[in-house]
Each structure stands twice: as C-alpha cells, then as structure tokens.
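Hi everyone, thanks for coming. Please have a look at the sequence and the model while I talk you through a few contacts.

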Amino acid sequence: EKALYTKIEICNTLEKGNEATCRQMINYLGKIGNNQYQTLPKSVSKKKSYPLPRDIIARSLGKMNPNCIDVLMKALKNKVQISELLDAIGYMIFYNQELATLNNFSKIKETLEEHKDNSIILWKSIECLSAFSLNENKEYLTELEQETTEPVIIMEIERTLKIIEERGNYNGKNTKK
C-alpha cells in the first residue's frame, strides 16, 4: 500500500514537469511494467471519454502541461515508442481541445498511414483521432473504415466517430448540434 502512494506522488510530480522532463520521460515509454498492449483487444473500450493509458509513463505524459505537445509530436518518429506515445498524445489532446488542430491531426494521420501494417499502431492511432473534432477527421475515418477488414479496427473507427459526433464536430470548436 505504501508503494502505491509513492508511485502516485512520483507520477503527480512528473506531470508538473516541463518540456525537458517530457523529453526524458519519453525514453521510458513501454519500459516500465508489463501491461502495454502487445496484441489487439477482442473489443474496444466502452468509455465515452478517452481511456486512461495503461503505460505509466504515457499516463503521466498525457497529463502534463499542454505546452509539451510539440515534444510529444516530434517523438512520433521513434518506432519503438509510437504505440504508447499515441496514448499520451490522444489523452492530452482529448482533455485540451485547443490542441486539436489541423496540424496535429495531420501528424497523427501521417503516423497512421506510415504504420498501417502494424495493427496496434493502427488501432491506437484511430483511438487517438477520437480527440479531434474536425470535419477532416470524420471524412478520413469514414474512408479508412471502407478499406478496413479487421473487426476490432472497424469497431474502434465506429467508436471514434461516435465520440466525435457527441463532442461536436466543427473544426475544433466543441459546439453541440
């Protein structure tokens, strides 16, 4: 029990870090614990919000100051950590909608396109896209759904489209219909 409180306090302290802290933490993505996804789940999350990342570092990165988004986006070039990084980015953007820009959307879309053959990265990219209430995102996901055959990926696209619709889908402005 004491270890849990220590872990929580360490995470709380790291979440208050700056961009230099963020860069250091990225090195540990996927290396602490053993609860990261290695295979696709059988079904998607039932949450109506963004699921809390399973990786402890991704969880802390996602809760950092939104000014760290550029550091996270630049790190998407590191193939080893993309999967967990997408969780952190998606979480951060979902709860900081000012980050749901066309530029950030384009970077996630580019990452997805580069790694379409990796089912985990594909799935996590689609989940990350649930943070973007953009018309371009809806159009892209609808096209992607047409070319996808993996049932869990199709379910994640449908879940993502539903979340976007519920949050409001007007180029980054969270206005409800």
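I'll start with a helix pair and then move on to salt bridges. This is a predicted model, where local features need pLDDT of at least 70, side-chain atom pairs count only at pLDDT 80 or more, and totals for chains, interfaces and linings use all residues. Residues are numbered from 1 along each chain as its sequence is written, and side-chain values use heavy atoms, with hydrogens and water left out.

So, helices H7 (residues 119–129) and H8 (residues 135–147): they pack at an angle of about 150°, their axes 11 Å apart. That makes H7 and H8 roughly antiparallel, a label for angles over 145 degrees. Leu 122, Ile 126 and Leu 129 of H7 make the contact with Asn 137, Tyr 140, Leu 141 and Leu 144 of H8, contact being heavy atoms within 4.5 Å.

Now to the salt bridges, of which the structure holds seven; the criterion is a side-chain nitrogen of Lys or Arg within 4 Å of a carboxyl oxygen of Asp or Glu. Lys 124 sits in H7 and Asp 87 in H5, so the bridge ties together parts 37 residues apart in sequence. Are these two buried or exposed? Lys 124 is buried at 1% relative accessibility, and Asp 87 is buried at 5%; buried means under 20%, exposed over 50%, and partly exposed in between, with a 1.4 Å probe and protein chains only.

Then there is Lys 77 with Glu 110, the closest N and O atoms 3.2 Å apart. Here Lys 77 is exposed at 61%, while Glu 110 is partly exposed at 41%.

Terms used: Axes fitted to C-alpha atoms, helices over the stretch in contact; angles between N-to-C directions. Helix = DSSP H or I, 4+ residues; strand = E, 2+ residues; numbered from the N terminus. Parallel < 35°, antiparallel > 145°, perpendicular 65-115°, else oblique.
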